[in-house]
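Please find below a colleague's note on the structure, written for a reader who is new to the subject.

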Amino acid sequence: MKGERLMTGRATEDARRAIEDAVWAPSVHNTQPWRFGVRGTRISLRADADRRLDVADPDGREMLISCGAALYTLRLSLRVLGYEPEVRLLPDPDRPHLLADVQMEPGKPAGEETERAYAQVRRRRSHRGGFAAEQPPPSLLDAIRYEAEREGARLIRAIDVHVQGALAALTDAAEHIQRRTPAYAAEIARWAPAPGTSRTDGVQHAAYPSETPRTEPHFAARDFARGRGWGIEPTADGPASHPGVVMLLVTAADTPSDWLRAGQGLQRALLLAAQHDLAAAYHTQALQVPRLRDLIRTQFCGDGHPQLLLRLGRPVGEDLTSIRRPVPEIMIIES
Ligand SMILES: Cc1cc2nc3c(=O)[nH]c(=O)nc-3n(C[C@H](O)[C@H](O)[C@H](O)COP(=O)(O)O)c2cc1C
């Protein structure tokens with residue numbers, strides 16, 4: 001009995017450590033829309049629907065992509081702690097916000113590949129600007145795409161300059177639509193607090209440049225500063241004008257489990273990219289406007305469904321930072 005209690009105590013402590021890592025996943029507007037419950041050797045992941053973007057993301061698609069990224073990070077961290085995580089996605093159809101049950105089974109010591117990916121969990125950062133001109137080697141891009149595929153998602157590269165141009169133009173159109181629609185603009189304002197805030201969520205002024213360098217083609221940045229001059233000052237390195245490798249993350253279908261797979265594939269791919277000092281910049285505006293998302297799907301995604309538009313490259317310029325909520329706010333020990 002005592003031994004069992006000790007085992008459970010250790011599992012709870014390890015679960016807490018894994019959750020401390022999981023929260024470093026990317027999430028739309030840094031909403032961190034997740035909650036974790038720990039009972040013995042089981043961790044449950046729930047979506048926190050109060051943090052969904054009701055205007056831009058009414059179906060919770062991006063909320064679940066974000067939670068999927070946290071789920072992959074949790075699994076990775078558990079592996080490093082010596083567990084074999086057994087995951088049941090969406091285990092209860094009557095509770096759609098219960099996204100996953102993760103059972104911590106005894107596992108083997110983590111291999112080098114796992115350790116290397118894990119080392120990037122807190123180092124990985126989103127980028128908002130241009131990239132260095134040199135392209136990542138094709139073999140590395142293939143390996144990054146393979147990481148997404150291993151989780152059931154696909155990264156399609158936009159090589160054709162006209163496809164890149166069209167995606168940039170659609171992003172620009174969506175950005176204009178969102179800026180002139182009060183409900184969208186109010187939602188962005190809610191998730192982009194002013195400098196000096198005590199909040200531990202949202203896209204804060206240290207997370208974006210005060211001026212977004214122009215790339216060719218140019219992918220519109222989100223209007224986090226809303227004309228108030230917030231953001232990090234450019235460094236002496238000067239502006240980087242290369243857009244990087246333009247990619248669409250797509251899934252075979254468009255259900256909540258596909259969104260969770262997209263998030264897991266995204267994070268898995270990003271953690272390999274980060275090992276080679278590559279980062280992603282995201283432009284999800286057009287995918288938040290249903291007609292534009294539909295156009296992107298029919299024109300550029302084959303038979304897949306677009307989940308994210310991103311650019312990948314070696315960041316140049318400002319060192320952007322990010323923040324997370326303290327774990328006690330998002331973790332509950334269930335008895
Ligand atoms: C589903 C999803 C959509 C996102 N969309 C955007 C976006 O349109 N523009 C942007 O600048 N960042 C976007 N991001 C990046 C988040 O803002 C970022 O992950 C968050 O602020 C946390 O920062 P970090 O990734 O540096 O840890 C998105 C991330 C996710 C997971």
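This is a predicted model: local features need pLDDT of at least 70, side-chain atom pairs count only at pLDDT 80 or more; totals for chains, interfaces and linings use all residues.

1. Division into domains. The protein is divided into two parts: domain 1 spans residues 2-123, and domain 2 spans residues 138-313. The distance between the C-alpha centres of domain 1 and domain 2 is 23 Å.

2. The interface between the domains. On the side of domain 1, 36 residues take part in contacts, and they meet 39 residues of domain 2. The size of an interface is often expressed as the accessible area that is lost when the parts come together. By that account, domain 1 and domain 2 bury about 3,000 Å² between them. Carbon and sulfur atoms carry 60% of this buried area.

3. The surroundings of the ligand. Which residues are closest to the ligand? They are Arg 125, Ser 126, Arg 128, Thr 284 and Arg 324, within a shell of 20 residues. Sorted by class, this shell holds 7 nonpolar, 7 polar and 6 charged residues. Domain 1 and domain 2 each supply at least three residues to the shell. Helix H2 (residues 61-80) gives the largest share, with 3 residues.

4. Ser 126 places a polar side-chain atom 2.5 Å from an oxygen atom of the ligand. For Thr 284, a polar side-chain atom lies 2.8 Å from a ligand oxygen atom. In Ser 322, an N or O atom of the side chain is 3.0 Å from an oxygen atom of the ligand. Is the ligand buried or exposed? Taken alone, the ligand exposes 620 Å², and the protein buries 98% of that area.

5. A cis peptide bond. The bond joining Glu 216 to Pro 217 is cis, and its omega angle is near 0 degrees. Pro 217 is found in the loop that runs between helix H6 (182-190) and strand S6 (245-251).

6. A positive phi angle. His 29, a residue other than glycine, has a positive phi, near 50 degrees. The loop between helix H1 (2-22) and strand S1 (34-39) contains His 29.

Methods. Residues are numbered from 1 along each chain as its sequence is written. Side-chain values use heavy atoms; hydrogens and water are left out. A residue is near a molecule or strand if one of its heavy atoms lies within 4 Å of it. A polar contact is a pair of N or O atoms within 3.5 Å; within protein, one must be able to donate a hydrogen and the other to accept it, and residues adjacent in sequence count only if both atoms are side-chain atoms. Accessible areas come from the Shrake-Rupley method with a 1.4 Å probe; for residues, only the protein chains shown count as cover. Helices (H or I, at least four residues) and strands (E, at least two) are DSSP runs, numbered from the N terminus. Ala, Val, Leu, Ile, Met, Phe, Trp, Tyr, Cys and Pro count as nonpolar, Asp, Glu, Lys and Arg as charged, and the others, Gly among them, as polar. Domain bounds come from an automatic or database domain assignment. Contact means heavy atoms within 4.5 Å. Buried area is the accessible area (1.4 Å probe) that two parts lose on being put together, summed over both.
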